[in-house]
Amino acid sequence: MVRRDSGSDDRTPGAFGAPSRRRALRLAGGGLALAALTAGTVGCDEDSVDVEDPGSTGGDEPKGGGKGSGDGGDVGEKGQAPKPLWTKPTSAETYGDNDELVAAGGVVIASGSPLAALDAATGGQKWSLPGGAVPGAPLLLSEDTLYLASSEYDGSVIGYAPASGKETWRSRLGKEYRQPRPIAVDEEQVYVLAEILEEDGSSKTNVIAALDSTTGRIAWKEQRDVGTEQNGIHAAVRGRHLVYTDFKKNLTVRDTASGGQVWTHKTTRTNYGFFTVHQDLVIVPQGNVLQAFNLADGKEKWSLKASDGALFREPAVLEDVLYVADSARTMWAVDPRTGRQLWKSEALADAELQVPRQYVKAGDTLYGATDLDKQGGIIAIDARTGEVRWTFNDKTGDYHAWLVATDGKRVFALHGKKLHALAV
């Protein structure tokens, strides 16, 4: 069923229940931006020494008997995680979204204030921005530019060179719009959402717009329906299609050339808006069914059903393979073009590990980041079989979700205000 990008809520029975307190904080991160500015932060110290915590040298051996990896770093004989190359304190202010930790240009950056870029090899500070990142807004990375919402709340969106922190691009929608936030980027445009101001300074509607990534000029802008929200947005671009979800369980596709809406599905279970795209498909977890829709017309291409009433979690397509776990702690590898199962693993359940909610891949190892749990952290998984190789947990008990990023040479694990670099 195809509907307009609607502000009405979906009350379909069986949909996911209310998010936990921690997840609610994550999803509401955008709305907490102003309040979060008053919170104290821990700054990055360029001369800080490596943190040597008793628990930071890795997790316990998986109960499923994880094996050492040929290219998974300095892994112990009994499946122990590699000792961190370095561990540094950060100014991180994260809500668990996957775009709050990025690695590019020889640096790794965690969302926070000040926004600090650490040398990927040593952990030393390369540069920092005093204003930092707007809490809840993404660190949006293109091939050579990091796009941020202005921390001065002046209506600007700014581009920086990741390696140096120097400003390379700036754009502004206009005084009639408030708090523009970048949500996606491609080779030609930066896509933003912003509140439309009323005469009394309030806002009831918002606009989605495309900014030319060369000139900063507005390519197009479209007002969204009354009731749609600016928060809880996840977005991606593929060719002529901009795909995004929001708090109201809308899955919407727009034409990147004109901004016109191509189609919208009112989904019943979108796993808090997470999805992934591959070629001409958008793949969405909806309860115990994983569905793939054509970007061009919204028609279903394939679907995959979990067993025993399990619910699919956040998916990811890496190097042309779709990886996803379900609530029964079963791990799936799927051909994203057809939905054909490549392998299915019970290793997470056997090792009594938590289900990952974010993935990166380096070599033949898949690295998954979990929510807070003593049986979570960073899980190294054989991408060819689904077997668990090792787990890493700093054992701090911090309530923040784990985040993971990679530059292909190292894996970066962020937990609260501590950033660890692991060899791959």
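The mean pLDDT of the chain is 83, with 80% of residues reaching 70 or more. Where pLDDT is low, predicted coordinates should not be read in detail.

The chain comprises 424 residues, of which 59% are classed as buried. Its secondary structure consists of three helices and 32 strands. Among contacts with a sequence separation of 6 or more, 50% are made by residues 24 or more positions apart. The accessible surface of the chain amounts to about 17,400 Å², and carbon and sulfur atoms contribute 46% of this area.

The largest nonpolar core contains 19 residues, and the members that touch the most others are Tyr323, Met331, Leu348, Tyr359 and Leu366. At least two core residues are supplied by each of β22 (316-318), β23 (321-325), β24 (331-334), α3 (347-350) and β28 (378-382). Strand β23 provides the largest share, three residues.

When residues up to four places away in sequence are excluded, Leu366 touches Leu318, Tyr323, Met331, Tyr359, Val360, Lys361, Ile379, Ala380, Ile381 and Ala383. Of these partners, Tyr323, Met331 and Tyr359 are themselves listed with Leu366 among the core residues that touch the most other members.

Terms used. Residues numbered from 1 in each chain as written. Predicted model: local features only at pLDDT ≥ 70, side-chain atom pairs only at ≥ 80, totals over all residues. Heavy atoms only, no water. pLDDT = per-residue confidence, 0-100. Core = buried A, V, L, I, M, F, W, Y, C linked by side-chain atoms within 4.5 Å. Buried < 20%, exposed > 50% of the residue type's maximum accessible area, 1.4 Å probe, protein only. Helix = DSSP H or I, 4+ residues; strand = E, 2+ residues; numbered from the N terminus. Contact = heavy atoms within 4.5 Å. Areas by Shrake-Rupley, 256 points an atom, 1.4 Å probe, with all protein chains shown as cover.
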